[in-house]
Amino acid sequence: MPDTQQLTPLTINPQQVMADIRIWGEEFGFQQVGISDIDLQKHQQHLQRWLEKNFHGEMHYMESHGEKRSKPEQLLPGTLRVISVRMDYLPDTEDMETVLADPNKAYISRYALGRDYHKLMRKRLAKLADKIAEKIAPHQYRAFVDSAPILERGLAEKAGLGWIGKNTMLINSKAGSWFFLGEIYTDLPLPLDPPQETMHCGTCTTCLDDCPTGAIVAPHQVDARRCISYLTIELKESIPEELRPLMGNRIYGCDDCQLVCPWNKFAETTAEQDFQPRNDLQSAELVELFNWTEEEFLRRTEGSAIRRIGHQSWLRNIAVALGNAPKSEQVIQLLNDKFNGASTLVAEHIHWAIEQQSNKP
Ligand code: B12
Ligand code: SF4
Ligand code: SF4
């Protein structure tokens, strides 16, 4: 039920406020909007344990903001409510399993095939916040998308957008998990949505069983140091050798724990033109991508999240995938050609890939 006690400064009927914000959210392209308070105590405990176990690896930003991540009022003083939104990103591409099963092709996470979501969503959130200021009441706000110390999934769960599954994704019983999250922090005492209090994973453990690297070490706990998403995007150094063969052809991020999740049969493809694949990245050949010069990499990934990892990590990741590809003289030749002139990091991965290729029967 809406929290009416807190509503005194707002003169408009709380149900009307909620209905209006939902409609405006839809108008700006969000599939769902929910409002929560700022008490993240339960999630803070989990975050603390996760950090203590060093599951964050080299992502030092996860530990460097003190309590700001779990205390919204410390990030933006005066914050009383968080408006959480979700936006579908699954493009209408050929079967993902087909690309994953073809070891000569590159698998790129579906979220990264089109335009970078950060700017697009933040702009829309700012529009929603401005509309609230205009139609409901002026407010102090900030809009975020994966851009600040925030526990986005915890907030979304509190706002009723879904539950945090055993794979740690925020899952919605009507829409699966192929969506981004974003937030508006506001000092308006808005009514609250009912939080999601039930989890619907039941006895299922498919994501734990099928994670290629065993990164979901227990229900709701991802050891990022083993997660392919971390290894290909966040890690700037050498990829641990024992994990390389398990990565297959995944060169940017990983979607396996969503692909196998039964709730994703309810997922819808995105209507956002900007999230549709560019440069045929949904099913490109490894060899073709490995041949991109730095200039080509920067040009072709302009406006995409992929650009952030830089050309060196791009080559490092593809070298690993080529090492995992079926034996081919053409691939060995290409690896040898690229070895000369490669940075120490890339050369080390190329060397590994040549060894892998050469040792195949
Ligand atoms: C760091 C990070 C990563 C890291 C670590 C992932 C992780 N699970 O923490 C890496 C690089 C591995 C990663 C990968 C991905 N990420 Co990411 N990531 C983040 C980021 C920046 C912070 C997440 C975080 O706070 N982690 C800390 C840990 C402690 O949180 P947690 O694992 O979610 O754990 C929660 C619960 O599981 C629970 N919990 C923990 N332990 C326990 C134990 C028990 C017993 C229980 C009951 C509960 C419980 O409490 C925790 C706190 O709420 C968020 C954006 C943001 N600011 O929130 C995006 C975000 C979570 N990522 C996102 C996406 C899309 C991905 C990928 C799918 C990308 C890809 N295709 O490669 C993968 C999915 C991997 C996965 N299964 O998580 C989306 C998720 C959207 C959604 N529907 O959930 C977010 C929200 C970004 C966004 N704005 O949309 N990510
Ligand atoms: S994204 Fe891939 S590697 Fe990471 S937890 Fe999910 S299935 Fe495992
Ligand atoms: S695969 Fe099964 S256990 Fe994993 S998140 Fe989905 S429903 Fe939950």
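Student: Where in the chain is the place of Ser-283?

Tutor: Happy to start there: Ser-283 sits in the loop between H9 and H10. Helices (H or I, at least four residues) and strands (E, at least two) are DSSP runs, numbered from the N terminus. Before we go on, this is a predicted model, in which local features need pLDDT of at least 70, side-chain atom pairs count only at pLDDT 80 or more, and totals for chains, interfaces and linings use all residues. Residues are numbered from 1 along each chain as its sequence is written, chains are lettered from A and ligands numbered from 1 in the order in which they are written, and side-chain values use heavy atoms, with hydrogens and water left out.

Student: Is Ser-283 buried or exposed?

Tutor: Buried means under 20% relative accessible area, exposed over 50%, and partly exposed in between (1.4 Å probe, protein chains only). Ser-283 has a relative accessible area of 16%, so this serine is buried.

Student: Which residues is Ser-283 in contact with, leaving aside neighbours within four places in sequence?

Tutor: Contact means heavy atoms within 4.5 Å. With those neighbours left aside, Ser-283 is in contact with Glu-94, Val-99 and Lys-105.

Student: What is phi of Asp-280, and where is this residue placed?

Tutor: Phi of Asp-280 is near 55 degrees, a positive value in a residue other than glycine. Asp-280 is in the loop between helix H9 (256-259) and helix H10 (286-290), and counts as exposed at 55% relative accessibility. His-220 also has a positive phi, near 70 degrees. His-220 lies in the loop between strand E8 (216-218) and strand E9 (221-222) and is partly exposed, with a relative accessible area of 33%.

Student: Which residues is Gly-165 in contact with, beyond its neighbours within four places in sequence?

Tutor: They are Ile-171, Cys-201 and His-220. Gly-165 is found in the loop between strand E5 (163-164) and strand E6 (170-171), and counts as buried at 0% relative accessibility. The C-alpha atoms of Gly-165 and Met-199 are separated by 7.1 Å, although the two are 34 residues apart along the chain.

Student: How should I read a nonpolar core, and how many residues has the largest?

Tutor: In soluble globular proteins, nonpolar side chains tend to be buried together. A nonpolar core is a set of buried Ala, Val, Leu, Ile, Met, Phe, Trp, Tyr and Cys residues joined through side-chain atoms within 4.5 Å. Here the largest has 94 residues, and Ile-251, Tyr-252 and Trp-314 have the most contacts inside it. At least three of its residues come from each of domain 1 (5-93 + 107-186) and domain 2 (285-361); domain bounds come from an automatic or database domain assignment. Residues touched by Trp-314, not counting those up to four places away in sequence, include Ile-108, Ile-251 and Leu-289.

Student: What separates the centres of domain 1 and domain 2?

Tutor: Taken over C-alpha atoms, 36 Å. Six residues from domain 1 and six residues from domain 2 take part in the contact.

Student: Which residues are around ligand 3?

Tutor: A residue is near a molecule if one of its heavy atoms lies within 4 Å of it. Around ligand 3 are Lys-166, Asn-167, Ile-171, Cys-201, Cys-204, Cys-207, Cys-261, Pro-262 and Trp-263. Residues surrounding ligand 2 include Cys-211, Cys-227, Cys-254 and Cys-257.
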